[in-house]
Amino acid sequence: MSASPVYLDAATAAPLHPVARQALLAALDDGWADPGRLYTQARRARQLLDAAREAAAQTLGVRADELSFTSSGTTAAHSAVLGGLAGRRRAGPALVHSAIEHSAVLHAAEKHVAAGGTATSVPVDRLGRLDLDGWAAAVRAPGVALAALIAASHEVGTLQPVTEAARECVESGVPLYVDAAQVVGRTPVPAGWSVLTASAHKWGGPPGVGLLVVRKGTRWESPWPADEREAGRTPGTLNLPAVVAAAASLRATAADAAAEAARLTPLVDRIRARVAAEVPDVEVVGDPDHRLPHLVTFSCLYLDGEALLHALDRRGFAVSSGSSCTSSTLRPSHVLEAMGVLSHGNVRVSLHRETTEADVERFLAELPGIVAGLRAEAGVVGL
């Protein structure tokens, strides 16, 4: 293959930011000791950890003592859900969540239900936007301990009405957990939440670092066995060099977020328009206006999504299909199912700081032929 590969799956993991690489290498020399000890090397490690926490908290507009680092975004999400429910067990056994939460949140909900709790799933419309009336009714019901709402769909990019949903939660006295993995470092984080999580490799930090933020005054109890690290919120020794790199790259990414959004939004608009116009029997899904600046999803009728991904990969394009977290299964994405949209031949394209206009043009130039070729192989022609 003569042309260089084009990576278009930033919603799964963005390429490592140069600032993250620099910080990671520097911290490898100073950040290997246990920051909980008292000798010189440990005190240096502690300084690095405190500085990283302060930088990340400042970027998010929260207090440093409200923020904990975890071993992944998934661990942070599990902690947020199970800890929020544990802290409010006296209020009741019920969890309310949207139908399009990330699988990490849904798996935590399943564990809660298996232990005797209850979970109510609130539907979304065809654009992937939360049914606010259904949400209001769900959080007003008796016995609700926690509500969970993703800030923006990780699969179709639709921004959720977090502010309005949070208002309903406040009126009902229910804390709101927001999964902000796709918005942190890209768009402003909506207000009104009590617990928030994010994942470093979504903004160009290294994998294996999550953020868990619990606002002061929120009833939250660690669901894990007792551990003295991270104020008892999450167990285990942190990968301190990765934490330092995550905090440094978050600050750099957030500083460029508005300019990047302005650059990527028209590129995504171009993909939305051209795919709809140039590929027959395709459905571009998600809200065309209230959406993330870097992500677009479309589904091609008469095609297998996995076959399309492999064909694109052979031509040098890295994209994902359906839910990135269930791509090893044949079951359609729960998000696309909840929206009631076409899930066949589904492709999610997500751009990043290294994506160029030429990359997008090359993708758009080759996609129609790739789709037509696959349909011809399957005997689907002349429709």
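## Briefing on a predicted single-chain model

The chain has 35 positive and 40 negative side chains, and the centres of these two sets lie 6 Å apart. In this count Lys and Arg are positive and Asp and Glu are negative, while His and the chain ends are not counted. The place of a charge is taken as NZ of Lys, CZ of Arg, CG of Asp or CD of Glu. The structure is a predicted model, in which local features need pLDDT of at least 70 and side-chain atom pairs count only at pLDDT 80 or more, whereas totals for chains, interfaces and linings use all residues. Residues are numbered from 1 along each chain as its sequence is written, and side-chain values use heavy atoms, with hydrogens and water left out.

**Confidence**

- The average pLDDT of the chain is 95, and 97% of the residues score at least 70; pLDDT is the predictor's confidence in each residue, from 0 to 100.
- Over residues 323-327 the pLDDT stays under 50, and the model has seven contacts for them beyond four places in sequence. Contact means heavy atoms within 4.5 Å.
- Where pLDDT is low, the predicted coordinates should not be read in detail.

**Overall form**

- The chain contains ten helices and twelve strands. These are DSSP runs numbered from the N terminus: helices are H or I with at least four residues, and strands are E with at least two.
- A compact globule of 383 residues would have a radius of gyration near 21 Å, and the chain agrees with this because its own value is 21 Å. The radius is taken over C-alpha atoms, and the globule rule is 2.2 Å times the number of residues to the power 0.38.
- Along its principal axes, the C-alpha trace spans about 70 × 55 × 35 Å.

**Surface and interior**

- Of the 383 residues, 53% count as buried. Buried means under 20% relative accessible area, exposed means over 50%, and partly exposed lies in between (1.4 Å probe, protein chains only).
- The chain exposes about 16,300 Å², of which carbon and sulfur atoms supply 54%. Accessible areas come from the Shrake-Rupley method with a 1.4 Å probe, and for residues only the protein chains shown count as cover.

- His97 is placed in strand β3, which covers residues 94-98. His97 counts as buried because its relative accessibility is 7%.
- Although His97 and Val122 are 25 residues apart in sequence, their C-alpha atoms are 6.1 Å apart in space. Beyond its neighbours within four places in sequence, the contacts of His97 include Val122, Trp135 and Ala148.
- Ala148 belongs to strand β5, residues 144-150, and is buried because its relative accessible area is 0%.
- Apart from neighbours within four places in sequence, Ala148 is in contact with residues including His97, Ser98 and Trp135.
- Val144 is also found in strand β5, and it is buried, with a relative accessible area of 6%.
- Leaving aside neighbours within four places in sequence, Val144 has contacts among them Ala94, Val96 and Val174. The C-alpha atoms of Val144 and Asp269, 125 residues apart along the chain, are 40 Å apart.

**Loop residues and backbone angles**

- Most residues other than glycine have a negative phi, and most peptide bonds are trans.
- Ala231 has a positive phi of about 55° although it is not a glycine. Ala231 lies in the loop between β8 (210-214) and α7 (240-278), and it counts as exposed at 67% relative accessibility.
- Pro225 lies in the loop between β8 and α7 and is exposed, with a relative accessible area of 66%. The C-alpha atoms of Pro225 and Pro235 are ten residues apart along the chain and separated by 7.6 Å.
- Tyr302, a residue other than glycine, has a positive phi near 65°. Tyr302 is placed in the loop between β10 (295-300) and α8 (305-314), and it is partly exposed, with a relative accessible area of 36%.
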